[in-house]
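Dear colleague,

I am passing on the model we spoke about, and my notes on it follow below. Please read them with the structure open beside you.

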Number of protein chains: 2
Amino acid sequence: MRPVTPLLVVDIVIRRGQEVVLIRRRNPPFRGSYALPGGFVDVGETVEQAARREAREETGLRVAIGRLVGVYSDPRRDPRGHSVAVAFLARPAGGRLQGGDDATEARWFHHRRLPPLAFDHRRILRDALSRRAT
Amino acid sequence: MRPVTPLLVVDIVIRRGQEVVLIRRRNPPFRGSYALPGGFVDVGETVEQAARREAREETGLRVAIGRLVGVYSDPRRDPRGHSVAVAFLARPAGGRLQGGDDATEARWFHHRRLPPLAFDHRRILRDALSRRAT
């Protein structure tokens with residue numbers, strides 16, 4: 001029997017100098033809120049592949065994956081149920097910034113002028129930006 | 001509908017000076033091989049809680065969780081199917097070393113005299129021991 005474990009997601013901190021990309025969520029939970037781009041990992045792909053795919057789908061950007069920021073596994077971090085997020089730093093490497101898929105909007109924000117964020121994404125961003133860059 | 005994502009496991013590198021704890025696997029795959037202690041994350045527990053629980057169940061040791069070593073997500077790393085491992089460094093913090101649960105044996109090995117290891121645990125160990133200690 002297949003064991004049941006928490007769902008696995010990736011979140012991506014796309015950084016360029018003092019700015020990071022946030023998307024505006026098209027769907028619940030936190031519909032209309034800003035969030036890091038990210039989403040569920042598919043069976044058969046690595047977490048790095050999932051991060052590149054989700055970044056592309058939600059922001060239009062190709063990204064180069066950098067440092068692992070952390071693993072966020074508080075069972076209450078997603079109101080839909082227990083999901084564990086693997087967060088990466090990344091830098092833009094092509095494409096054009098635009099919302100898509102699960103995002104109505106995607107744009108650069110200065111890291112000192114961030115809107116309220118969905119989930120625990122404020123904490124992920126703080127962890128990502130508090131250490132040396134990738 | 002609940003999305004389907006890879007299964008989530010934790011692996012723990014319990015370190016004391018130049019030594020690490022390995023267990024001998026009681027069950028397939030890799031039955032009889034040495035491996036890092038670890039196992040599936042339960043819904044409702046954090047990855048750190050899972051790491052402490054699995055270390056305790058498989059080695060008899062209480063452990064203090066240290067640095068995140070990495071996230072290992074190659075779809076072929078487990079022949080049973082796609083599982084993603086979150087690996088932590090840890091140090092012993094009580095208890096008495098003994099096999100249990102899924103391990104027939106648990107013992108300290110010098111990190112330069114390791115037996116062949118199951119899964120990608122050789123790589124995890126190399127990553128864990130190649131950087132500064134926790």
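Which residues lie nearest the centre of the second largest pocket? They are R25(B), G38(B), G39(B), F40(B) and R80(B), out of 24 residues that line this pocket. Before going further, please bear in mind that this is a predicted model, in which local features need pLDDT of at least 70 and side-chain atom pairs count only at pLDDT 80 or more, while totals for chains, interfaces and linings use all residues. Residues are numbered from 1 along each chain as its sequence is written, chains are lettered from A and ligands numbered from 1 in the order in which they are written, and side-chain values use heavy atoms, with hydrogens and water left out.

The pockets

A pocket here is an open set of points, on a 1 Å grid over the protein atoms alone, where a 1.4 Å probe fits and where protein lies on both sides within 12 Å along at least five of seven lines; lining residues have an atom within 4 Å of a point. The second largest pocket has a volume of about 410 Å³, volume being the space filled by probe spheres set on the points, which are joined across faces, edges and corners. Its lining takes at least two residues from each of β1 (7–16), β2 (19–25), β4 (38–40) and α1 (47–59) of chain B, where helices (H or I, at least four residues) and strands (E, at least two) are DSSP runs numbered from the N terminus.

The largest pocket holds about 660 Å³ of space and is lined by 31 residues, with L68(A), G70(A), V71(A), L68(B) and V71(B) nearest its centre.

The interface

The contact between the chains, meaning heavy atoms within 4.5 Å, takes 25 residues from chain A and 25 residues from chain B. Together the two chains bury about 2,100 Å², 72% of it on carbon and sulfur atoms; buried area is the accessible area (1.4 Å probe) that two parts lose on being put together, summed over both. On the side of chain A that touches chain B, β1 (7–16), α1 (47–59), β5 and β6 (83–95) of chain A each supply at least two residues, and β5(A) gives the largest share, three residues.

The loop between β2 and β3

In chain A, the peptide bond from P28(A) to P29(A) is cis, with omega near -10°, and P29(A) is placed in the loop between β2 (19–25) and β3 (34–35). F30(A), in the loop between β2 and β3 of chain A, has a positive phi of about 65° although it is not a glycine. In chain B, the bond from P28(B) to P29(B) is also cis, with omega near -10°, and P29(B) lies in the loop between β2 and β3 (34–35) of that chain.

With best wishes
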